Amino acid sequence: MNDFRFLRALRREPVDTTPVWIMRQAGRYLPEYRATRARAGSFLALAKTPELACEVTLQPLARFELDAAILFSDILTVPDAMGLGLHFVEGEGPKFARPLRSAADIARLGVPDPAQDLRYVTDAVSLIRRELGDRAPLIGFAGSPWTLACYMIEGEGSSSYARAKAMMWNDPVSLHRLLDVNARAVAAYLLAQIEAGAQALQVFDTWGGLLAPAAFREFSQRYLHQVAALVKADPRARDVPLILFSKGANGHLEGLAASGCDALGLDWTIGLDEARARVGDRVALQGNLDPATLHASPEAIRSEVQATLASYGRGPGHVFNLGHGITPDIDPAHVAVLVDAVHEYGRGMGNGK
């Protein structure tokens, strides 16, 4: 079935009401997720066990009338498959045992074989797709080449990614080599997810917004274009929409829309009306409610949903989402309010009536 509301909106076709899904919709705000995570013993065990990844992927759809499921995984599975030794430290987040600190480290990298090195992900995709049936389409995803490089060079999360930026200035040749390997690895990984059953794809460029305009175009946007070109050139991706989400990159919407992607995800620091005016009918738009809105009262949530829908206006091509991921401290009842409000107030908006 390829006529899901979510997929129609990404193709900029009329829909009966605005579709909605939520970044990190399978996560710590759900008590059932926390129970499964405790049973798994660790985050990585959860992500690397297809049956458990399937279980948590489906949990939010059992609670809410969401229009898509998104694979439960992590963007750092690709560098982990490259041999960097991913592990998670409680309270500190992801860390790599072998971060990239030299040109020689980068020269040793190769593109992982998804069928071998990331088999647990493709197995999870196949299982989730089978369990979903015709309830909702499944989104596969990957991190952007630049965002992956930030973690790979830094060795952990950071607010500035100063090491990655230093390489940008001190050894741009090595950084470009890394970004090219990452782009080819991400494209191969996304295509493997399609083969396993993913019906849409999203690339998360979480740290693109840290870059100055010229650096963004050279080190982030260029490789998002490469990923999009590699994916779209493959016959397996012919009917699979590709969403690019570059957080904090509102100055680059036109360049991102020219990548060949089908949709742009937007954070909450730009109006949908402005974004739509700038990209026209080249791509669909996804977003972009401030995640903190879910702390507000149900009445305020409904009001903000209405305002977000009004900002996009009538006509096809809008998928409702938060402007970034849902946070662990959110009451699930507030998510239900949001989802129901989108479907109520979005009725007729997506066909222009």
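This report describes the overall build of a predicted model and then several of its local features.

## Overall build

The protein chain contains 16 helices and nine strands. Its radius of gyration is 19 Å, close to the 20 Å given by the globule rule for 353 residues, so the chain is as compact as a globular protein of that length. Along the principal axes, the C-alpha trace spans about 60 × 45 × 40 Å.

Of the 353 residues, 59% count as buried. Among contacts with a separation of 6 or more, 73% are between residues 24 or more positions apart. The accessible surface comes to about 13400 Å², and carbon and sulfur atoms account for 49% of that surface. The chain carries 36 positive and 40 negative charges, whose mean positions are 2 Å apart.

## Gln202 in strand β5

Strand β5 covers residues 200-205 and includes Gln202. The relative accessibility of Gln202 is 0%, and Gln202 therefore counts as buried, the limit being under 20%. The side chain of Gln202 makes a polar contact of 2.9 Å with the side chain of Gln286.

Leaving aside residues up to four places away in sequence, Gln202 touches Trp21, Met23, Ile139, Gly140, Phe141, Ala142, Ile243, Phe245 and Gln286.

Helix α9, residues 145-154, is mostly covered, with ten of its ten residues buried. These buried residues include Pro145, Trp146, Tyr151 and Glu154. Gly155 follows α9 and has a positive phi, near 90°.

Tyr161 is placed in the loop between α9 and α10, the latter being residues 162-170. Tyr161 is not a glycine, yet its phi is positive, at about 50°. With a relative accessible area of 0%, Tyr161 is buried.

Asn250 sits in the loop that runs between β6 (242-246) and α13 (253-257). Its relative accessibility is 14%, and Asn250 counts as buried because the limit is under 20%. A polar contact of 2.8 Å links the side chain of Asn250 to that of Thr269.

Not counting residues up to four places away in sequence, Asn250 touches Asp267, Thr269, Ile270 and Arg278.

## The loop between β8 and α15

The loop between β8 (284-286) and α15 (298-312) holds Leu294, and Asn288 is found in the loop between β8 and α15 too. The peptide bond joining Gly287 and Asn288 is cis, with omega about 0°.

Leu294 has a relative accessibility of 1% and counts as buried. Its contacts, not counting residues up to four places away in sequence, are with Ile301, Leu322, Ile326, Ile330, His334, Val335 and Leu338. Leu294 and Ile326 are 32 residues apart along the chain, and their C-alpha atoms are separated by 8.4 Å.

## Arg12

Arg12 lies in the loop between α1 (5-10) and α2 (31-40). Its phi is near 60°, a positive value in a residue other than glycine. Arg12 has a relative accessible area of 24% and is partly exposed, because this class lies between the limits of 20% and 50%.

How values were computed. Residues numbered from 1 in each chain as written. Predicted model: local features only at pLDDT ≥ 70, side-chain atom pairs only at ≥ 80, totals over all residues. Heavy atoms only, no water. Helix = DSSP H or I, 4+ residues; strand = E, 2+ residues; numbered from the N terminus. Buried < 20%, exposed > 50% of the residue type's maximum accessible area, 1.4 Å probe, protein only. Polar contact = N/O pair within 3.5 Å; in protein donor to acceptor, adjacent residues only side chain to side chain. Contact = heavy atoms within 4.5 Å. Rg over C-alpha atoms; globule rule 2.2 N^0.38 Å. Areas by Shrake-Rupley, 256 points an atom, 1.4 Å probe, with all protein chains shown as cover. Lys, Arg positive; Asp, Glu negative; His and termini not counted. Charge placed at Lys NZ, Arg CZ, Asp CG, Glu CD.
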